[in-house]
Amino acid sequence: MKDEASRILALLGLARRAGRLAVGMSAVESMSSRAVKLLIVVASDLSDSRKEKFGRMNENAIIISDLIDSDALAKAFNRTELVVVAVDSPAFIKGIVNNKN
């Protein structure tokens, strides 16, 4: 896995411990409906049509869909399957966006 992806997964882990991470489709949909600012990480191996669905959830969302595949995402959060997580904390969003570049 790329260093960039590892750093982002580490930040997502911190966001989870801080209670600012939604894990899985229904949790992300719920967070999307109430969050003003949102960053959504979508598995890179998900189909384009499914990726587009996340962009339509929240027009203000930042979408990252090219770094982490579903296996790595699932492994990072001790799941058998996982294709999407979201963060609603401005501080974590800034950290993740800065690490993506």
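This is a predicted model: local features need pLDDT of at least 70, side-chain atom pairs count only at pLDDT 80 or more; totals for chains, interfaces and linings use all residues.
Residues are numbered from 1 along each chain as its sequence is written, and side-chain values use heavy atoms, with hydrogens and water left out.

The chain holds 5 helices and 4 strands, with helices (H or I, at least four residues) and strands (E, at least two) taken as DSSP runs numbered from the N terminus. In sequence order the pattern reads α-β-α-β-α-β-α-β-α. The radius of gyration, taken over C-alpha atoms, is 12 Å, close to the 13 Å from the globule rule for 101 residues, so the chain is as compact as a globular protein of that length; the rule itself is 2.2 Å times the number of residues to the power 0.38. The C-alpha trace spans about 30 × 30 × 25 Å along its principal axes.

Of the 101 residues, 46% are buried, where buried means under 20% relative accessible area, exposed over 50% and partly exposed in between (1.4 Å probe, protein chains only).

Now for the inside. A nonpolar core here is a set of buried Ala, Val, Leu, Ile, Met, Phe, Trp, Tyr and Cys residues joined through side-chain atoms within 4.5 Å. The largest one has 23 residues, and L12, L21, I68, F77, V85, V87 and I96 touch the most other members. Two or more residues each come from α1 (3-17), β1 (21-23), β2, α4, β4 and α5 (90-100), and α1 gives the most, with 6. Leaving out residues up to four places away in sequence, I96 touches I8, L11, L12, L39, I64 and V87. Another core, of 12 residues, lies apart from the largest one and includes A22, V28, L46 and A86.

A43 sits between β2 (39-42) and α3 (48-57) and is buried, at 0% relative accessibility. Beyond its neighbours within four places in sequence, A43 contacts K51, S65, I68, D69, S70, L73 and V83. N78, in the loop between α4 (70-76) and β4 (84-87), is exposed at 72%. The phi of N78 is near 50 degrees, a positive value in a non-glycine residue; most residues other than glycine have a negative phi.

Conventions: Contact means heavy atoms within 4.5 Å.
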